[in-house]
Amino acid sequence: MDFLRPASWEEALAAKAEHPTAVPIAGGTDVMVEINFDHRRPEYLLDLTRIGDLYEWEAGEHSVRLGASVPYTRIMENLRTELPGLALASHTVASPQIRNRGGVGGNLGTASPAGDAHPALLAAGAEVEAESVRGTRRIPIDAFYTGVKRNALAADELIRAVHINKADGPQQFSKVGTRNAMVIAVCAFGLALHPETRTVRTGIGSAAPTPIRATAAEEFLNAALDEDGLWDSGRIITPSVAKQFAELCAAACNPIDDVRGTARYRRHAVGVMARRTLMWTWESYRGNARTMEGAA
Amino acid sequence: MRVNFTVNGRPQQADDVWEGESLLYVLRERLGLPGSKNACEQGECGSCTVRLDGVPVCSCLVAAGQAEGREIVTVEGLAEHARQRAGGEDACGTSLDEARRWSPRGPGSQSDEGSTSPRATLAPLQQAFIDAGAVQCGFCTPGLLVAADEMLERNPNPTDADIREALSGNLCRCTGYEKIMDAVRLAAARQGEEA
């Protein structure tokens, strides 16, 4: 095994081009487990921890450019306003020790359906900034996950950053596990209200071969909110609409039975989380709307 | 490969390190510092917790090469680290030899036969663990000490929720969590009295 230690992003890209089988390592919270257990013996480890740029973030007008290696701890502490869904999801990652090392770039690189960041990225809307010596491209998050632990990256590409849309409304994240810390999601759900476009977006984790959106449920809810004029009136969402949204989210799942839970349980739990996160975010939206009415 | 880094305030060098080796392995097997424990090797248990440039991490998940040029504090250096934090005079760190000869005696007993270095006394948190009866089999203790000490550094007046959160990545299979909570509360209270 060779340990490649690029001092700059350009050097890292050159190393990845020269050794396409090189395994990038930053926080190490996925890669080192595989090496410790002898599940993986990469020919080259490509250490990205010397590249300071990957640990920085920048909030623009409409989106946050989040460096691939920004640890979850930093996201929780610094980006709660801009990226509330991702900040909530970050707080559910493993333990303080893991959150101090791991970041979204690793979650995307591993592309496990159970990665905690994915539902939040799908719900907020995001693009992955991938780069190689051939150039840079932005991969929409909906096109990024291509299979179980597979993603759209080419062999010579590295993830440099993720561009995540800044919240324009309430966001929530919910995760089912046997305890609060150190839990791989049995299933997870992210929801974001986007009042500017009058749309709702979702993200489902651990309940299909890849992280997915419940697009049929989103379309149903967008139409229902529009039809009843709820974005303007700020009235409650009726139980029947919430119920159908939950059922459509459950129906979007394509889960398996495994040690963490059964497919039936996952479908059921996703429906419950969908209904709850919708209620939480909508109540928050209504509260804000009322506050603004009072101020006007 | 060779790894150069600072361990417990002293520059150290490890040779013949395999590229896929963890920092934990280097500390235990190459430097002879067995304080950081090896249990799950997958970041689940926290027994290998060390400070990496000040930040608590699972040393089993840090590749040895990633520690190059970095500063590590292990449980063996905790007493000296706490002493420096409290404004101790000279900052010369803890040598490997001192760390290897460390034994868990309270302050005041260090003069016995000169077997324990003056620097290798207990950090206030370690004394609190003893006083509160927070050590059973002791395997999880080093990780808990490093994690709790870092929390008390950041947050001198933690709530119970803060303590639980900070220690949520450290498993104790003797299930002595209540005593551990007592020990951290005790250390925080003593820290407050001194301040």
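Predicted model: local features only at pLDDT ≥ 70, side-chain atom pairs only at ≥ 80, totals over all residues.
| Chain | Domain 1 | Domain 2 | Distance between C-alpha centres | Residues in the contact |
|---|---|---|---|---|
| Chain A | 2-164 | 171-295 | 25 Å | 23 residues from domain 1, 24 residues from domain 2 |
| Chain B | 3-74 | 124-194 | 22 Å | 11 residues from domain 1, 10 residues from domain 2 |

Within chain A, the side of domain 1 of chain A that touches domain 2 of chain A draws at least two residues each from H4, H7 and strand S8 (145-147) of chain A, and H7(A) gives the most to it, with 7 residues. By class, this side of domain 1 of chain A has 14 nonpolar, 7 polar and 2 charged residues.

In chain B, the side of domain 1 of chain B that touches domain 2 of chain B takes its largest share, 3 residues, from strand S3 (residues 49-52) of chain B. The residues on this side of domain 1 of chain B divide into 4 nonpolar, 5 polar and 2 charged.

The buried residues are Pro84(A), Gly85(A), Leu86(A), Ala87(A), Leu88(A), Ala89(A) and Ser90(A). Their cover includes helix H3 (72-78), H5, helix H7 (117-124) and strand S10 (158-165) of chain A, together with S11 and S12 of chain A.

Two of these covering elements, S11 and S12 of chain A, also belong to an open sheet of 3 strands, in which the order is S11-S12-S13 (chain A) and the pairing is antiparallel. Strand S11 (171-176) and strand S13 (199-205) of chain A stand at the edges with a single partner strand each, so one side of each has no neighbour in the sheet. Direction ignored, neighbouring strands of this sheet are turned by 10° against each other on average. S11(A) pairs with strand S12 (residues 187-194) of chain A in the antiparallel sense over 6 bridges, and Gln172(A) has Leu191(A) in S12(A) as its bridge partner.

Of the 195 residues of chain B, 50% count as buried, while among the contacts in chain B between residues at least 6 apart in sequence, 60% join residues at least 24 apart.

In S3(B), which supplies the largest share of the domain 1 side described above, Thr49(B) and Arg51(B) point one way, whereas Val50(B) and Leu52(B) point the other way, and all are buried. S3(B) is joined by 4 bridges to strand S4 (residues 55-58) of chain B, with the two running antiparallel, and by 2 bridges to strand S5 (residues 71-73) of chain B, again in an antiparallel arrangement. Arg51(B) takes part in both pairings, with Pro56(B) as its bridge partner in S4(B) and Val73(B) as its bridge partner in S5(B). A hairpin is formed by S3(B) and S4(B) with 2 residues between them, and Asp53(B) in the turn has a positive phi of about 50°.

**A helix pair in chain B**

The axes of helix H5 (residues 141-154) and helix H7 (residues 177-194) of chain B come within 11 Å and cross at roughly 35°, in a crossing that is right-handed. On the H5(B) side the contact is made by Leu144(B), Ala148(B) and Leu152(B), which meet Ile180(B), Val184(B), Ala187(B), Ala188(B) and Gln191(B) of H7(B). The residues of this contact of H5(B) with H7(B) divide into 7 nonpolar, 1 polar and no charged.

The side of chain A that touches chain B includes at least two residues each from strand S1 (2-4), helix H2 (31-36), strand S3 (44-47) and helix H5 (96-99) of chain A. H2(A) gives the most to this side, with 4 residues, and by class the side has 13 nonpolar, 8 polar and 4 charged residues.

Technical notes:
Residues numbered from 1 in each chain as written. Chains lettered and ligands numbered in written order. Axes fitted to C-alpha atoms, helices over the stretch in contact; angles between N-to-C directions. Left-handed = near helix turned anticlockwise from the far one by under 90°. Contact = placed C-beta atoms within 7 Å. Nonpolar A, V, L, I, M, F, W, Y, C, P; charged D, E, K, R; others polar. Buried ≥ 20, exposed ≤ 12 C-beta atoms within 10 Å, placed from the backbone. Pairing = 2+ DSSP bridges. Domains from an automatic or database assignment.
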